[in-house]
Amino acid sequence: MADTIGSAGLNAVKTPLFREVRKGEVRKHIITLTVRNELGVLARIATLIAGKGYNIEGLSVGETHEKGISRMTLEVIGDDVVIDQVVKQLRKLIDTIKVKDLTDTPHVERELALIKVHTATPRARDEVLRLVEIFRCRIVDVSPETYTVEITGTEDKVNAFIELVKPFGIKEMARTGKVAMKRESIPQEEE
Amino acid sequence: MPRKGADIVIETLKEEGVEIIFGHPGGAIMEVYDALYRDGSIRHILARHEQGAGHMAEGYAKATGKVGVAMSTSGPGATNLVTAIADAYMDSVPVVFITGQVPTHLIGNDAFQEVDIVGITRPITKHNFLVKRIEDLPLILRQAFYIARTGRPGPVLVDIPKDITQKLSDVLIPSLEEVKESLPGYRPHLEGNLQQIKKAAKLIMEAKRPVLYVGGGAVQAEAQKELVELAELMKIPVTTTNMGKGAFPELHPLALHMLGMHGTYYANMAVYNCDLLIAVGARFDDRVTGKVEEFAPQAKIIHIDIDPASISKNIVVDVPIVGDVKIVLRKLLEEIKREGAKLYFPEERQKWLERIEGWKKKHPLTYRKSNTVIKPQYVIEQIYEATKGDAIISTGVGQHQMWSAMFYKYSFPRQFINSGGLGTMGFGLPAGIGAKLGRPDKEVFVIDGDGSFMMTMQELITAVQYKVPVKIAIINNGYLGMVRQWQELFYERRYSEVDLSVQPDFVKLAEACGAVGFRAEKPSEVREIIEEALKIQDRPVVMDFHVDREENVLPMVPAGKSYRDMILDDGKKAIEAETMYLVG
Ligand SMILES: Cc1ncc(C[n+]2csc(CCOP(=O)(O)OP(=O)(O)O)c2C)c(N)n1
């Protein structure tokens with residue numbers, strides 16, 4: 001069986017012999033990082049990801065309960081294998097304390113949007129108000145022409161709300177990136 | 001006691017055991033130079049270009065295993081260091097780069113000689129720092145050394161604004177414990193997972209056709225003893241990468257020498273046909289793997305590396321083991337011995353070694369000899385013989401680098417010093433100077449190309465100033481040889497901009513600098529001038545070897561191709577010479 005060099009010709013080289021280099025599917029990954037809040041830490045993380053040829057789709061940063069420690073949530077679209085590389089490289093950064101790819105772990109995620117909607121007619125004001133109620137968001141600023149709505153929730157919820165108010169005309173909009181956390185409880189229905 | 005920031009720098013360097021700094025002064029770093037002068041206990045080598053200083057620090061670090069230090073002023077001084085920093089990053093060389101910066105209040109103002117060197121070097125350093133408060137200065141410097149030398153080593157840059165070097169402070173130098181505590185996210189993993197090690201041990205005993213594939217990580221970890229023991233105990237042939245040279249003694253009967261693009265026929269055949277590949281401190285570089293799908297196509301792969309990010313980066317492996325190579329190999333050996341060190345297929349293993357012997361006999365590393373023109377390989381063989389295989393060799397980048405890898409046989413780690421990852425022409429001379437300063441007990445030969453030499457030849461004068469007796473052998477083919485070779489093989493001999501026949505008279509250049517110069521134009525002169533050069537111990541020697549202009553480096557696997565496409569020294573393809581395929 002084993003040593004038959006010379007007896008097998010080139011034709012005998014079958015493709016299964018060759019190692020498959022696993023290429024994962026391309027999808028959105030949610031990565032959370034705990035970092036030391038040092039000079040340039042954000043630039044370092046952005047440089048690393050850009051250096052791999054990926055775009056950062058979403059990014060949110062804020063202090064944690066511990067002094068000098070910040071938490072980041074990153075959204076990156078990419079190939080599973082390369083994102084795995086990115087996570088390993090992020091872990092290598094001196095200022096990162098913890099890096100987790102939450103994509104395949106049960107987790108809670110939220111984002112916040114401020115949406116300034118045209119509401120010049122009474123009908124529009126009624127409709128938007130109704131939507132605000134249904135979506136359990138809040139109106140945080142009112143002018144004769146506009147309502148500014150604050151909404152928090154999953155990306156889907158925020159998207160759905162935006163779709164519904166679009167016909168009225170959106171004057172201005174600001175969205176934070178996502179914040180995410182691993183779920184400790186058994187997964188439950190989101191509100 | 002309050003003292004200037006600059007004095008704190010020197011104090012910290014002394015605490016770290018720094019004995020030599022390579023650098024070039026300027027306005028922003030002047031206080032540190034003054035402190036260096038006043039202190040007087042650390043040696044400084046004035047390179048003629050900061051790139052040279054950087055490569056010298058690398059050569060010193062590569063030859064000694066200690067952390068190298070290079071220093072420059074802000075702006076152009078700092079940017080001149082960039083090539084060396086990138087080079088150190090690619091080859092995991094522990095070097096601390098210290099740069100002066102404009103005073104804190106001018107940062108961001110486009111001040112004279114200001115450049116954001118921390119921003120520029122972010123992707124090419126293991127870590128970098130801008131010192132903003134004098135109280136942080138000693139801690140940052142100690143962190144820099146700690147980060148540079150631990151885990152997967154690498155370059156760390158510390159940028160120090162001028163006012164920080166001038167301010168007074170009585171801050172204390174922190175202890176190593178404090179340094180470690182201050183880096184909560186940095187915990188290099190050294191031990192290796194025992195379950196994985198057990199799995200690896202089993203695979204090694206079960207394999208019929210194993211090969212060890214050893215890289216620079218094994219040199220860094222100084223794991224030669226463990227490697228030899230494992231290879232001999234389990235009868236495993238060993239191939240090393242360019243960076244791994246010397247990690248396994250090349251005269252050992254189990255040595256397969258280098259693999260990859262310019263690897264030996266037998267190393268590449270062994271890797272292509274093996275059923276178990278044990279990668280040790282190697283990173284599956286594309287110069288090694290060629291076409292990844294066809295790299296060791298039948299093999300299970302074990303990968304031992306200190307850097308978790310190196311594992312399964314280019315090739316998915318079966319048994320990953322993250323840890324210090326030396327520690328993991330020791331545990332692996334223990335495990336194998338505990339299991340009685342038995343080979344499951346001793347006969348197959350024996351046949352495998354015989355097969356490899358056959359390949360070695362059939363296509364040894366060789367070249368066509370000549371009595372009329374000097375063959376570059378001949379020069380390197382003569383250097384090997386004249387130095388009895390005991391010299392440290394430093395090279396530039398190109399054909400001469402590959403011939404130096406092939407025709408000098410390396411038996412100890414840190415013996416072959418070259419720019420493996422970045423492939424930096426101009427690396428050889430300054431790195432050789434750094435190596436000689438670090439290892440004055442060894443002969444250091446710089447085997448350089450004429451093109452590479454011309455990139456940093458101003459450092460010859462540095463070697464003269466400090467009486468560094470490096471022996472510089474220029475393999476002078478009047479071409480950018482490696483590029484010419486590619487043009488010959490892959491661009492139908494369109495020799496676009498590779499002619500270097502207009503060049504200085506290197507003998508006169510050497511003399512002008514106060515060095516000694518020799519030239520050889522006939523094969524009969526080669527050995528003679530090497531012997532002459534070896535006698536000179538108080539200054540550098542330049543040997544200008546006029547070699548066959550169109551000699552090629554063979555064998556060669558064309559970039560991105562499979563080992564089956566390897567071109568042999570007779571111009572044949574490996575696939576024509578022998579079918580590279582085993583069933584089993
Ligand atoms: C700084 C730099 N520029 C360009 C190259 C591309 N390059 C690789 S090998 C080579 C030719 C090297 O010529 P030489 O130093 O004379 O060595 P030879 O190949 O002739 O031995 C060139 C230009 C490089 N590696 N480094």
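**Exercise 1. The enclosed space**

Which residues line the largest cavity?

Solution. The structure is a predicted model, in which local features need pLDDT of at least 70 and side-chain atom pairs count only at pLDDT 80 or more, while totals for chains, interfaces and linings use all residues. Residues are numbered from 1 along each chain as its sequence is written, chains are lettered from A and ligands numbered from 1 in the order in which they are written, and side-chain values use heavy atoms, with hydrogens and water left out.

Begin with the term: on a 1 Å grid over the protein atoms alone, a cavity is a set of points where a 1.4 Å probe fits but cannot get out, a pocket is an open set with protein on both sides within 12 Å along at least five of seven lines, and lining residues have an atom within 4 Å of a point. A search of the whole structure finds 1 cavity of 30 Å³ or more, and the largest cavity has a volume of about 60 Å³, a volume being the space filled by probe spheres set on the points, which are joined across faces, edges and corners. Its lining consists of B:Thr264, B:Tyr265, B:Tyr266, B:His363, B:Pro364, B:Leu365, B:Thr366, B:Pro555, B:Leu568 and B:Asp569. Sorted by class, the lining of the largest cavity has 6 nonpolar, 3 polar and 1 charged residues, where Ala, Val, Leu, Ile, Met, Phe, Trp, Tyr, Cys and Pro count as nonpolar, Asp, Glu, Lys and Arg as charged, and the others, Gly among them, as polar.

**Exercise 2. The second largest pocket**

Identify the residues closest to the centre of the second largest pocket, and the elements that line it.

Solution. About 1,200 Å³ of space lies in this pocket. Of its 42 lining residues, A:Lys88, A:Gln89, A:Lys92, B:Asp307 and B:Ala309 are the closest to the centre. At least two lining residues each come from helix 1 (41-51), helix 2 (80-92) and strand 4 of chain A, and from helix 4 (76-90) of chain B; here helices (H or I, at least four residues) and strands (E, at least two) are DSSP runs, numbered from the N terminus. By class, the lining has 16 nonpolar, 13 polar and 13 charged residues.

**Exercise 3. The sheet of chain A**

In what order do the strands of the chain A sheet lie, and which are its edge strands?

Solution. Two strands pair if DSSP finds at least two bridges between them. In chain A, 4 strands form an open sheet in the order 2-3-1-4, with antiparallel pairing. Strand 2 (56-63) and strand 4 are the edge strands, each of which pairs on one side only.

Next, follow strand 1 (residues 26-36) of chain A, where 8 of 11 residues are buried, that is, under 20% relative accessible area with a 1.4 Å probe and protein chains only. Strand 1 is joined to strand 3 (residues 69-79) by 11 bridges, and A:Ile30 stands opposite A:Glu75 in strand 3. To strand 4 (residues 96-101), strand 1 is joined by 5 bridges; A:Leu33 has A:Val99 as its bridge partner there, and A:Thr34 has A:Lys98.

**Exercise 4. Parallel pairing in chain B**

Solution. Strand 2 (residues 20-23) and strand 3 (residues 43-46) of chain B run parallel and are joined by 4 bridges, with B:Ile20 opposite B:Arg43.

Key
Buried < 20%, exposed > 50% of the residue type's maximum accessible area, 1.4 Å probe, protein only.
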